[in-house]
Amino acid sequence: FFFSIIPFSIILGPAISLINTVLICLTYCIYNFDKSDLKIFKSEVILGLSFFYIYLIFNSLISVDFNSGIFRNFGFIRFIIYFLAFNYFLYYFKDSKKIFKFWFLILMIFVIDVYIERFTGSNILGFGKIEINGVTQPDGKRVVSFFKDEAIAGAYITGFIFLISGYILTIFKKRNVSKIFAFLIITLLIAGVVLTGERSNSIKVLLGFFIFIFLIDYVNFRIKLLIFTAFISIFLVSIISSDYLKVRYYGQIIEPLIDKEKRTSFFNHFYFKLYKSGYKVFENHPLFGVGNKNYRIETCNSENNEKYPKYDCNTHPHQIYFELLAEHGIVGTIIILSIIFYLTFRLLKLISLSKNYIQCGAFVYVIINFIPLLPSGAFFSDFNITLFMINFSLMYAINNESNIFSKKKLLN
């Protein structure tokens, strides 16, 4: 039950999502208390995550403000247990993969709601409605859907779209359902991300599906090219169909690059200022950064603002590499990226050979988080790290060859 409602708990908010995560961890610990095989703690992935956790505690100790990031860093222990719980659940429970049916249903309801809000001005609960002189404006801003006042609908879909796409293709392949029908559903999901108006996530999804389609064996190479062309076409049609999206994608990105008069304002954009600010923080704290969740403490300090004009007061630099460099320095960034990349790419050969579509989807989501330059949310925020660890955990858990509870691994 707790696993089945994960996507729903995230929609309900950080507190409910955290409670559900803790309940999964507690249930795993209680259920597995007498059954735990200590050999799993010798596996490379558990050792890697444990070292990751030790580093985060060290990061708190040397941070600018210890209290700011203490819960974020010390609380990461739950995701190591979360990872164990996912692997245990997927390996030992016969009907564990049924959770994807619930996830698929929740995601489809969410995406349909995105369509409703984009074309009517508000979602089914009335969120997102904008009125000017008593008239509802359907293209007023980015879609929020059930998140009410947070523009993270696109990020939410992105967090599950590759897993669910892998699940859809797996089920349809087993039941010999038309391949066209499968990709129609996936196209509906992709268009949903584009319609939210979240440019960065739209680009990540398109690039991610390019990798996803070419890693799986669901269709031949020629069909793969046709599918990707269709995805690009849907992307363009979605933009053309909305004046707001045309401004978001063409007016604010493409036009400034081809118009010399607008180019200066483009590179003085909000995100570029934050990138410069993040890099300046890194310059001032090059080895270990200011500490997790301390970018705000550093840049919103009035004395620092006077001393360093490039500082831009905000919660984070809105780009993963500048965030890591600013808050973890060069040493911390190398540690974090080395652990994540090693634990991820060590499975690439297995993924390419096994053709496990859900595992492939999880792999793709993990790597698109690290596309350079594209804006992103704070990596260690509850919302983003939860989506990341769901995919990272499933990347190992969904395949018995990589699942840490595999009897082969325990015997070795």
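Modeller: A polar contact is a pair of N or O atoms within 3.5 Å; within protein, one must be able to donate a hydrogen and the other to accept it, and residues adjacent in sequence count only if both atoms are side-chain atoms. Here, the side chain of H316 reaches the backbone nitrogen of A378 at 3.5 Å. The model is predicted: local features need pLDDT of at least 70, side-chain atom pairs count only at pLDDT 80 or more, and totals for chains, interfaces and linings use all residues. Residues are numbered from 1 along each chain as its sequence is written, and side-chain values use heavy atoms, without hydrogens or water.

Biologist: Is H316 buried or exposed?

Modeller: Buried means under 20% relative accessible area, exposed over 50%, partly exposed in between (1.4 Å probe, protein chains only). H316 has 9% relative accessibility and therefore counts as buried. Its place is the loop between helix 15 (302-307) and helix 16 (320-345); helices are DSSP runs (H or I, at least four residues), numbered from the N terminus.

Biologist: Which residues does H316 touch?

Modeller: Contact means heavy atoms within 4.5 Å. Leaving aside residues up to four places away in sequence, H316 touches L274, Y295, S376, G377 and A378.

Biologist: At what angle do helix 6 and helix 7 pack?

Modeller: Axes are lines fitted to C-alpha atoms over the stretch in contact, with angles from 0 to 180 degrees between N-to-C directions. Helix 6 (residues 99-120) packs on helix 7 (residues 153-174) at about 135 degrees, the axes being 10 Å apart. Residues making this contact include W103, F104 and F110 of helix 6, and Y156, F160 and Y167 of helix 7.

Definitions and conventions:
Helix = DSSP H or I, 4+ residues; strand = E, 2+ residues; numbered from the N terminus.
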